[in-house]
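Welcome! Here is a short briefing to read alongside the model.

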Amino acid sequence: MEFNTKVIHGGQKHDPSTGAVMPPIYQTSTYAQSSPGQHKGYEYSRTANPTRTALENSFASIENGKYGLAFSSGLSAIDAVIKLLAPGDEVISTNDLYGGTYRLFTKVFEQYGIIFHFIGMENANNIEGYINSNTKMIWAETPTNPMLNIIDIKASAEIANKHNLLLVVDNTFATPYLQLPLDLGADIVMHSATKYLGGHSDVVMGALIVKDENLAEKLYFIQNASGAVCGPMDSFLVLRGIKTLHLRMQRHCENGKAVANYLNSHPKVQKVYWPGFENHPNHQIAKDQMHDFGGMLSFTIKGNNYEQVIIILENLKIFTLAESLGGVESLSGHPASMTHASIPKDEREKTGVVDSLIRLSVGVESEKDLINDLKNALELI
Ligand SMILES: Cc1ncc(COP(=O)(O)O)c(C=O)c1O
């Protein structure tokens with residue numbers, strides 16, 4: 001099956017009892033057993049639930065994996081991955097990553113003796129200098145949040161393979177419509193399914209997808225043992241969202257390109273961060289590993305003036321100022337005070353998250369209306 005068919009049918013069966021085309025929302029915590037241990041494959045909904053199974057099969061299908069796992073949030077999916085490690089193990093992570101991931105790594109897992117190195121990964125060769133006998137994992141997010149840096153997944157996978165490390169790719173920004181990390185050699189794909197996979201800003205969820213059976217077993221064990229699973233209603237919503245992922249992503253990419261070009265030519269804009277520009281430092285890698293450039297971009301204004309940025313954010317009418325991204329509606333964000341506030345100022349400024357940086361999640365509305373909205377807000381400064 002091709003991707004556009006997989007998002008609709010991948011891993012799906014019509015409901016055996018009724019023929020329902022969409023899986024019923026199995027709103028149950030438990031399942032009748034005819035005799036102890038005799039059941040129809042389901043015992044207790046933390047372990048497995050048929051609506052969640054349908055979603056997990058879809059996750060596996062669209063990412064070209066074999067096994068999918070759904071969690072109660074993106075962060076609980078990340079939490080499960082790090083629980084594969086033991087005290088003393090080391091992780092090499094990109095330094096430009098979602099603030100909540102950074103907080104989980106540094107404020108929770110460092111307490112348990114796991115060591116994280118946050119490094120620039122725009123050049124994959126940087127990774128090797130940090131590998132030692134305790135290194136177990138490489139954590140990559142590409143495109144990165146919010147600087148839209150691109151990490152070469154194939155080159156990172158070659159390094160991971162050579163040193164017997166797990167390569168994890170947070171594919172939240174790109175989605176499998178744009179890039180397939182498992183095909184490029186990654187071991188685990190992770191998603192905040194809250195974003196593009198769900199696509200409608202109505203659910204919080206996380207996903208993991210793997211090919212390797214052994215790794216899948218370990219992760220299923222952690223999923224069940226730690227218990228951060230999502231409910232059947234949320235599973236249904238994300239499954240429904242995935243069915244239009246290809247259509248939404250196509251429009252996100254078109255609108256993202258139009259907005260990036262508009263801002264790039266605006267006299268008050270200092271810099272636009274978007275991997276589709278030919279002068280983006282890793283444009284060629286983006287072109288090679290992605291089918292298009294997505295709907296996420298960030299920009300700074302000339303003078304780096306905090307008050308002016310607030311005026312813009314308060315006056316955008318279609319771009320709603322809100323946390324999150326990837327829904328059908330356009331959102332604006334101020335990483336320094338919102339998504340990345342948990343990263344110390346000097347640390348975030350090193351990666352470019354300055355006070356005047358605005359992040360846009362370009363939705364699927366009319367391109368003309370989106371550009372007019374930005375034009376009107378920029379006129380006020
Ligand atoms: C790239 C990325 N990874 C992970 C997460 C965390 O996911 P969640 O908010 O679903 O826990 C987010 C949330 O914004 C994100 O943007």
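Is Phe-118 buried, partly exposed or exposed? Phe-118 is partly exposed, with a relative accessible area of 21%; buried means under 20%, exposed over 50% and partly exposed in between, with a 1.4 Å probe and protein chains only. This is a predicted model, where local features need pLDDT of at least 70, side-chain atom pairs count only at pLDDT 80 or more, and totals for chains, interfaces and linings use all residues. Residues are numbered from 1 along each chain as its sequence is written, and side-chain values use heavy atoms, leaving out hydrogens and water.

**The sheet**
- Strand E4 (residues 135–141) pairs with strand E5 (residues 166–170) in the parallel sense over five bridges; pairing takes at least two DSSP bridges between two strands.

**Aromatic rings**
- The structure holds nine aromatic pairs; rings of Phe, Tyr and Trp (its six-membered ring) pair if their centres lie within 6.5 Å, and planes under 30 degrees apart count as stacked, over 60 as edge-to-face and the rest as tilted.
- Tyr-31 and Tyr-42 have ring centres 5.6 Å apart and planes at 35°, so this pair is tilted.
- Tyr-31 is buried, at 16% relative accessible area.
- Phe-116 and Phe-118 make a stacked pair, 6.3 Å centre to centre with 20° between the planes.
- Phe-116 is buried, at 7% relative accessibility.
- Ring pairs link Tyr-102, Phe-105, Phe-116, Phe-118 and Trp-139 into a cluster.

Key. Helix = DSSP H or I, 4+ residues; strand = E, 2+ residues; numbered from the N terminus.
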